[in-house]
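Here is a short report on a protein model.

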Amino acid sequence: MTRRILPYGDHALLIELDGLDAVLALFRGLESTRPNGVVDLIPAARTIAVEVEPRILPLSAAAAWVERTPPREPEEGEERMVDVAVSYDGEDLSEVARITGLTERDVVTAHTGTPWRVAFGGFAPGFAYLVADAPAAPLEVPRRSTPRTSVPSGSVGLAGVFSGVYPRSSPGGWQLIGRTHAVLWDEAADPPALLRPGTVVRFREAS
């Protein structure tokens, strides 16, 4: 695994990696060996930001910890699982079927038939970019050419290789295939985000 460790201000490091699989594997390794002084670990598509309290963990010590930490695969039974019930009646379901060459029923079957994993957080509190644990090529679709000015809270969508759920009403260009009543962000909860990096998400069709 190629990793490049860069300074990121006075309180953080930025780790550049080869891709999303490398990010998830190293994130697991860092999370499981996290020393005192690490304030936050923030994964993205090709990077991990490491925020520290320098008075407790100097940046040089944090860089040495990152350098020596090996990537890690999840052990059986340790993964956090979340079940999300979805009504598959999204406005773009027929368009996704047309783009992929599937029937609408096949789109639903493909979306519910594989586990999805939270790769990293997105543009709004509680929004998570999900990647399929199994190849999701049949569901790879482009964003809408014209984004919507308002996407309803709870909308379930697809964009590129990702799936996601809008935690609140906001503009967005994802292809909408369904909706859920799951609460994605609850400020009274600890932690407030339902879908956190590494969590495995199982979508199921709501009865």
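A residue counts as buried when its relative accessible area is under 20%, as exposed when that area is over 50%, and as partly exposed in between. The model is predicted.

Start with Val141, in the loop between β7 and β8 (148-151). Its relative accessibility is 2%, so Val141 is buried. Gly160 sits 19 residues away in sequence, yet the two C-alpha atoms are 5.1 Å apart. Val141 also touches Gly160, along with Val96, Ile99, Thr100, Leu158, Ala159 and Gln175.

Thr69 is another loop residue, placed between α2 and β5. Thr69 is buried because its relative accessible area is 5%. Its contacts beyond four places in sequence are Arg3, Leu26, Gly29, Leu30 and Thr33.

Ala206 lies in the segment after β13. Is Ala206 buried or partly exposed? At 29% relative accessibility, Ala206 is partly exposed. Val84 is 122 residues from Ala206 along the chain, with 8.7 Å between their C-alpha atoms. Ala206 touches Ala85, Val86 and Ser87.

| Residue | Relative accessibility | Class |
|---|---|---|
| Val141 | 2% | buried |
| Thr69 | 5% | buried |
| Ala206 | 29% | partly exposed |

An α-helix has 3.6 residues a turn, so residues three or four places apart point the same way.

Take helix α2, residues 59-68. Ala62, Trp65 and Val66 are buried there. Seen down the axis of α2, these buried residues fall within an arc of 100 degrees, so they line one face of the helix. The face turned away from that side carries the exposed residues Ser60 and Arg68. What do the buried residues of α2 pack against? Their partners are β1 (4-7), β2 (12-16), α1, β3 and β4 (47-52).

Helix α4 spans residues 104-112, and its buried residues include Val107, Val108 and His111. These cover an arc of only 95 degrees around the axis, which means they sit on the same side of α4.

**Nonpolar cores**

The largest nonpolar core has 24 residues. Which of them have the most contacts inside it? They are Trp116, Leu130, Leu158, Ile177, Leu195, Val201 and Phe203. At least two residues of this core come from each of β5 (81-86), α3, α4, β6, β7 (128-132), β9 and β13. A second, separate core holds 17 residues, among them Leu17, Leu26, Val38 and Leu57.

Look at Ile177 in the largest core. Ile177 touches Ser87, Tyr88, Asp89, Gly90, Leu93, Val96, His111, Val156, Gly157 and Leu158, leaving out residues up to four places away in sequence. His111 is also one of the buried residues of α4.

**The largest pocket**

The largest pocket holds about 720 Å³ of space. It is lined by 30 residues, and the closest to its centre are Phe27, Glu31, Arg196, Pro197 and Gly198. α1 (20-32), β3 (38-43) and β6 (116-121) each supply at least two lining residues. By class, the lining has 14 nonpolar, six polar and 10 charged residues.

Note on methods: Residues are numbered from 1 along each chain as its sequence is written. This is a predicted model: local features need pLDDT of at least 70, side-chain atom pairs count only at pLDDT 80 or more; totals for chains, interfaces and linings use all residues. Side-chain values use heavy atoms; hydrogens and water are left out. On a 1 Å grid over the protein atoms alone, a cavity is a set of points where a 1.4 Å probe fits but cannot get out, and a pocket is an open set with protein on both sides within 12 Å along at least five of seven lines; lining residues have an atom within 4 Å of a point. Grid points are joined across faces, edges and corners, and a volume is the space filled by probe spheres set on the points. Helices (H or I, at least four residues) and strands (E, at least two) are DSSP runs, numbered from the N terminus. Ala, Val, Leu, Ile, Met, Phe, Trp, Tyr, Cys and Pro count as nonpolar, Asp, Glu, Lys and Arg as charged, and the others, Gly among them, as polar. Buried means under 20% relative accessible area, exposed over 50%, partly exposed in between (1.4 Å probe, protein chains only). The arc is that of the directions from the helix axis to the C-beta atoms. A nonpolar core is a set of buried Ala, Val, Leu, Ile, Met, Phe, Trp, Tyr and Cys residues joined through side-chain atoms within 4.5 Å. Contact means heavy atoms within 4.5 Å.
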